Amino acid sequence: MSATQQPAKSGAESAAYGPRTVRRAMLAGSLGTLIEYYDFSVYGYLAVVIAPQFFPSDDPAASLLAALAVFATGLVVRPVGGVFFGWLGDRWGRRKALVSSVLCMGVASSITGLLPTYSQIGVAAAVLLLLTRLVQGISTGGESVGAYTYIYESAPPRRRAFLGAVTPIGSNLGFMFAAATAGVISALATKDQMADWGWRLPFLMAVPLTLFCLWARLRIEDTPEFEEAARRADIPTAPIREVLSTHRAALLQSIGLSMAQGGAIFLGLTYIGIHLSNDLGYDSTQVLWLSAGVVLVTVLLMVPAGWLAARFGSRRILLFGLLGFLVTAYPAMMLMGRHSLALAGLAYLLFMLSSAFVQVPAASLWPHLFERRVRYTGMAIGYNIGTVLAGGTAPYIATFLVQRTGNLLSPAFFVMLVCLIGIGALLTVRKDV
């Protein structure tokens, strides 16, 4: 069977895709991804505050670059997490992998909120921050692909393109919740209070959020496809080797698509806020609220994007989204520098409108590239390599480009490059969801 063919469903298998199964899959997938990306992204929104606490320097730009480098390392280790959680998901079940990934993230995020700073223990503070970030990165290596896989396999085939919206809605609400939480605390606390203890509170919120997510994920069963495979003992013994030997084309396609999505969206969700407050001088609290509002609009577009993907095919809608990023990146960043927060907000929204039309179709297209036997592992490797190459590194690359060239618009060229890579990969995909 090819990587894109779907096996015929018997009556018993079709019954497994019942409304209750789909609802629980949607809740567990979206809620877990929301919490994962809240925990992971809150660091990016607080990077300007965290930087002097762990990397004090006479040069604020150098301090910020060090903090963003730590942010990037959390994504550099994502393939490690992807390999582990992919193996766990394909060998022992999707449910076990999903429970493990969110627990790993919650513990690491909670510890981050308790870390001593440079003024208390010196360089060891930065080392501890790096270690917690690495654990978070390993966790995210299995989270998104696990949620994509779980929802894809729990939904009836005819609804997979539409329900691809569920996981991106969760991840983007996580980004929005992180920005809003940081905005509330920034508004209520003074600058000194933010530096002293305010930055810790968003991280410590991981404790109740993780417990809530564990409750939701412990209530789910494994996917119908995996349970049927387990009954037939059709479980891969070496999923990594199988991916590398039989799914090389799908792996390269997923890497290219991940580079495009990660590069454009991580730049929009993390770097632009830093750019508006640090480079352009807009009020940081207002920027946080602006970021939350922009993400909320993109979330509201995800259900229509799912409907369009179901109606016209995921490939066409994904191509539309990538072209949107390609043509809006430069003019949007140019408008941000016009010394008007309202105009900057409009430009930010213009840039991020394409986000829904990239994330939603990609969420169903990625698992469609791989056979069930190695779906979790294949997605985890491809998705995370692409994210390492262009996603988590996007804020650092953008900041570095501005520092080296002195051109505030230079990050737009990075977005355009990764979109061209993604479009090239997409044009090689022959089958649609």
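**Figure 1. Arg375 and Glu225 are both buried.** Buried denotes a relative accessible area under 20%, exposed over 50%, and partly exposed in between, with a 1.4 Å probe and protein chains only. The model is predicted: local features need pLDDT of at least 70, side-chain atom pairs count only at pLDDT 80 or more, and totals for chains, interfaces and linings use all residues. Residues are numbered from 1 along each chain as its sequence is written, and side-chain values use heavy atoms, with hydrogens and water left out. The side chains of Arg375 and Glu225 form a salt bridge at 3.2 Å, N to O. A salt bridge here is a side-chain nitrogen of Lys or Arg within 4 Å of a carboxyl oxygen of Asp or Glu. Arg375 belongs to helix H22 (residues 375–391) and Glu225 to helix H14, so this pair ties together parts that lie 150 residues apart in sequence. Helices (H or I, at least four residues) and strands (E, at least two) are DSSP runs, numbered from the N terminus.

**Figure 2. Glu225 also meets Arg160 in a salt bridge.** The N to O distance for these side chains is 2.9 Å. Because Glu225 lies in helix H14 (residues 224–231) and Arg160 in helix H9 (residues 160–163), the pair ties together parts 65 residues apart in sequence. Glu225 and Arg160 are both buried.

**Figure 3. Arg372 and Asp234 form a salt bridge between two loops.** The closest N and O atoms are 2.6 Å apart. Arg372 sits in the loop between helix H21 (355–368) and H22, and Asp234 in the loop between H14 and helix H15 (239–246); the two residues are 138 residues apart. Arg372 has 12% relative accessibility and so counts as buried, whereas Asp234, at a relative accessible area of 22%, is partly exposed. Salt bridges with shared partners join Glu228, Arg231, Arg232, Asp234, Glu242, Arg372 and Arg373 into one network. The count of salt bridges comes to 13.

**Figure 4. Helices H19 and H20 pack with their axes within 8 Å.** H19 covers residues 314–336 and H20 residues 341–352, and their axes cross at roughly 170 degrees. Axes are lines fitted to C-alpha atoms, for helices over the stretch in contact, and angles run from 0 to 180 degrees between N-to-C directions. Phe325, Thr328, Ala329, Ala332, Leu335 and Met336 of H19 contact Leu343, Ala344, Ala347, Tyr348, Leu350 and Phe351 of H20, contact meaning heavy atoms within 4.5 Å. Eleven of these residues are nonpolar, one is polar and none is charged. Nonpolar covers Ala, Val, Leu, Ile, Met, Phe, Trp, Tyr, Cys and Pro; charged covers Asp, Glu, Lys and Arg; the others, Gly among them, are polar.
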